[in-house]
Amino acid sequence: MDNVEFIRDVTNKMCDRDFDLDLVESTFADNFVHHGNGATSDKAGYLARGREYREQFESIDRPEFDELFAVDDRVVVAYTLALHRRDGSTERMAVMAIWTVADGKVTALREVDAPSA
């Protein structure tokens with residue numbers, strides 16, 4: 001599987017399983033670095049973020065990718081997520097991200113997200 005299909009698969013599985021913590025454990029490198037909206041964390045921090053998402057949202061729809069292409073060992077994506085809160089409301093979030101992949105593992109994720117209409 002090439003890096004583009006790998007990241008599409010990871011993204012879809014994360015949505016299907018409402019931020020799949022086991023997938024992060026198995027697919028993200030131990031030295032994974034997450035840069036999100038100006039903050040930096042490690043794999044443990046990214047997992048904590050995932051647990052917060054699981055508490056807030058009942059489900060996450062798979063996105064339709066506006067952009068999805070590889071540049072060397074990186075995959076650039078842009079999409080909008082529909083996140084369904086436990087109270088029945090839906091939040092839309094625009095995401096732009098650069099995933100770095102090495103030896104079949106996600107080693108870094110640099111992303112910016114913001115509420116979307």
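Here is a short tour of this predicted model, stop by stop. Residues count from 1 along each chain as its sequence is written, and side-chain values use heavy atoms, with hydrogens and water left out. Local features need pLDDT of at least 70 and side-chain atom pairs 80 or more, while totals for chains, interfaces and linings use all residues.

**Stop one: H3**

Select residues 43-56, helix H3 (helices are DSSP runs of H or I with at least four residues, strands are E runs of at least two, numbered from the N terminus).

Now colour Lys43, Tyr46, Leu47, Arg49, Gly50 and Tyr53, the buried residues of H3 (buried means under 20% relative accessible area, with a 1.4 Å probe and protein chains only). They sit on the same side of H3, because their arc around the axis is only 155 degrees (taken from the directions from the helix axis to the C-beta atoms).

**Stop two: threonine 11**

Jump to threonine 11 in helix H1, residues 3-16. Its relative accessibility is 4%, so threonine 11 counts as buried. Leaving aside neighbours within four places in sequence, threonine 11 is in contact with Pro63, Phe65, Tyr79 and Trp99 (contact means heavy atoms within 4.5 Å).

**Stop three: the strands**

Select S4 (residues 65-71) and S5: six bridges join them, antiparallel (strands pair if DSSP finds at least two bridges between them). Look for glutamate 67 opposite alanine 78 in S5.

Note on methods: The expected span of a helix is 1.5 Å times one less than its number of residues. Buried means under 20% relative accessible area, exposed over 50%, partly exposed in between (1.4 Å probe, protein chains only).
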